[in-house]
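Good morning, and thank you for making time on the agenda. I would like to take you through one structure, beginning with a convention that we shall need for the helices.

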Amino acid sequence: MKFSKLSFYSNPVQEVITKISLNFRKILFKNYLQNLGPGYYQYNLQRYSGPHRKICYAAEKSMYFNINGNLTACCRNRSYILGKYPENTVREFWESEKRKELRRTLKANDFSKGCFQCKNSVENGNFDSVQALVYDNIPTDKKHPTMLEFALSSKCNLNCIMCSDECSTSFLSEQGSSLEKGVYEDSFVNQLEEFIPHLDQVRFFGGEPFLIPIYYKIWERIVAINPDCKINVQTNATILNDRIKELLKKGNFIIGVSIDSFNKNTYETIRRNANFEKVMHNVEYFAEYAKLKNIHLGVAVCPMKQNWEELPEIVLKCDKLDANVYFNPVWHPTKCSLFFLSSSELQQIYKKLYEIKLPDMLDIEKKNKYHFDCFLFQLTKWQQEKLEEETIWKQLKIDKNEWPNIVLQDIQIVLIHKIKMYLTEKKNANEHEISIQINKIISVLKRFNDGPLLRETLLRLIEIPPEAFSYDILNDRDPDSP
Ligand code: SF4
Ligand code: SF4
């Protein structure tokens, strides 16, 4: 294989400057953010590029285009929508008042505009899953975005057990529906052209990115106009053809593969339609590519009921591949998500995984062990949350095992009780504020007709942390509206 020599740093001078600035930041910004509350001081110290003045730079550096044409600052902030394509042009997004407003809000370290996930991850000590980390290291250019993120299509060849028709077209074809039509066409690619020279980094998500035709058009433009631009692609590693190999040679690609097991049976049970041997062959190719570029391959893992016992083995395999492993928490479906286990089951999993000692001599081993420890920390948080929830059920004398027979009124009581506890303990709300918010929730609930859908929705709401839905419900807004 012969690839262009470019590595993660554009040149050795930049690498040295980055390292010096890291040391300066450690001295200058050490005490920033600590007035925001528990977790923030520690988070700031542990950021990969050292402490910063602000918690998030997404709105001043980047734009995220999603499959419906919605534009947001990042993939996690789905409720604060900056505009919609094709009604707005890419330039209009960049110049929009809403983006400036979000930028001002984040400058004040205020998370009220849809940033509950980052807030939650920092306050729960799950620093590894703070999305804001992605934007720390990206350079700033006041006039242009320096990063763009794309999730333009859900075209995918797999049918993974934790996925759904929202993310993969294979579910649509399975259901007999026609394949989704993207809103993005050639004129979108043309509009990107004026931004490409200023980009430091772009990120592509699917579906499966290597199956999405418009991505090839964007990659070809980037490679022609700004070959130094880092092109991150998160792939399921099932597709590797000559066209991709040619692009990899010309561009500065950073590949992340999604693998949830290195065991054929487990892998093919989770990643339905994939062929284990073929994927492993492709992973080796991508690992070799990363090595030649002097960067690390990324391996994204979904820890679930089906594969949690194999997680230490996955870490060891990634150490060998010289790949960075990342654990993405899985919240649904219930048949996969560890979050839906009882507190005692979570405790047992934690105990078993904690007892396994992972190596931490080499740099890559240290990093991967840190990511694994962050995942274990997430488990302890979930376990505590479950314990609190189980206490509520007990206090209300409702047996959770009786769920199928629970009347709607009882579900509403538990939900309101849970939100009250959240407002009191986490938001320090007084009784008056609580009664205003609860009345809002009751009025939202009254709009729905009693039925299986409402029951199902309320039961799901009881299961997830109130932070995850409070912004939309308490502010009475539709998350998909601009
Ligand atoms: S969700 Fe996180 S990364 Fe996204 S804009 Fe908000 S703070 Fe930044
Ligand atoms: S590869 Fe990704 S998008 Fe495709 S089905 Fe699996 S999880 Fe969904």
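A crossing of two helices is called right-handed if the near helix is turned clockwise from the far one by less than a right angle, and left-handed if it is turned anticlockwise. With that convention, the crossing of α13 and α15 is right-handed. Please keep in mind throughout that this is a predicted model.

Let me stay with this pair. Helix α13 covers residues 311-321, and its axis comes within 9 Å of that of α15, with a crossing angle of roughly 155 degrees. An angle over 145 degrees counts as roughly antiparallel, and α13 and α15 are therefore roughly antiparallel to each other. On the α13 side the contact involves Leu311, Val315, Cys318 and Asp319, which meet Ile364, Glu365, Asn368 and Phe372 of α15. Sorted by class, this contact between α13 and α15 holds 5 nonpolar, 1 polar and 2 charged residues.

Helix α15 has a further partner to discuss. How do α14 and α15 pack, in angle and in the distance between their axes? Helix α14, residues 343-354, packs against α15, residues 363-395, at about 160 degrees, and the two axes are 8 Å apart. Here too the angle makes the relation clear: α14 and α15 are therefore roughly antiparallel to each other. The handedness is given by the way α14 passes α15, which is a left-handed crossing. From α14, the contact draws on Ser343, Leu346, Gln347, Ile349, Tyr350, Leu353 and Tyr354. From α15, the residues taking part are Leu376, Leu379, Thr380, Trp382, Gln383, Lys386, Leu387 and Glu390. The contact of α14 with α15 divides into 9 nonpolar, 4 polar and 2 charged residues.

Stepping back to the protein as a whole, its secondary structure comes to 19 helices and 9 strands. The protein has 482 residues, of which 34% count as buried. Taking contacts between residues at least 6 apart in sequence, 70% of them join residues at least 24 apart.

I turn now to the ligands. Which residues surround ligand 1? Its shell consists of Cys56, Ala58, Ala73, Cys74, Arg76, Asn77, Cys115, Gln117, Cys118, Gln131 and Ala132. By class, the shell of ligand 1 has 7 nonpolar, 3 polar and 1 charged residues.

Around ligand 2 we find Cys156, Leu158, Asn159, Cys160, Cys163, Cys167, Ser168, Gly206, Gly207, Glu208 and Asn236. The shell of ligand 2 divides into 5 nonpolar, 5 polar and 1 charged.

Two members of the ligand 2 shell, Gly206 and Gly207, bring us to the backbone. The peptide bond from glycine 206 to glycine 207 is cis, with omega near 10 degrees. Glycine 207 sits in the loop between β5, residues 201-204, and α9, residues 213-225. A cis peptide bond also runs from tyrosine 85 to proline 86, where omega is near 5 degrees. Proline 86 belongs to the loop between β3, residues 83-84, and α4, residues 90-95.

Asparagine 294 is not a glycine, yet its phi is about 65 degrees. Asparagine 294 lies in the loop between α12, residues 276-292, and β8, residues 297-301. Is asparagine 294 buried or exposed? Asparagine 294 counts as exposed, because it has 11 C-beta neighbours inside 10 Å. Aspartate 322, also a residue other than glycine, has a positive phi near 60 degrees. Its place is in the loop between α13 and β9, residues 323-327. With 15 other C-beta atoms within 10 Å, aspartate 322 is partly exposed.

I close with two residues and their contacts. Threonine 235 is part of strand β6 and counts as buried, because it has 24 C-beta neighbours inside 10 Å. Leaving aside residues up to four places away in sequence, threonine 235 touches Glu208, Pro209, Phe210, Ile255 and Val257. Its C-alpha atom is separated by 6.2 Å from that of proline 209, 26 residues away along the chain.

Asparagine 226 is in the loop between α9 and β6 and, with 18 C-beta neighbours inside 10 Å, counts as partly exposed. Beyond residues up to four places away in sequence, asparagine 226 touches Ile196, Pro197 and Leu199. Thank you for your attention.

Methods. Residues numbered from 1 in each chain as written. Chains lettered and ligands numbered in written order. Predicted model: local features only at pLDDT ≥ 70, side-chain atom pairs only at ≥ 80, totals over all residues. Near = placed C-beta within 6 Å. Nonpolar A, V, L, I, M, F, W, Y, C, P; charged D, E, K, R; others polar. Helix = DSSP H or I, 4+ residues; strand = E, 2+ residues; numbered from the N terminus. Buried ≥ 20, exposed ≤ 12 C-beta atoms within 10 Å, placed from the backbone. Contact = placed C-beta atoms within 7 Å. Axes fitted to C-alpha atoms, helices over the stretch in contact; angles between N-to-C directions. Parallel < 35°, antiparallel > 145°, perpendicular 65-115°, else oblique.
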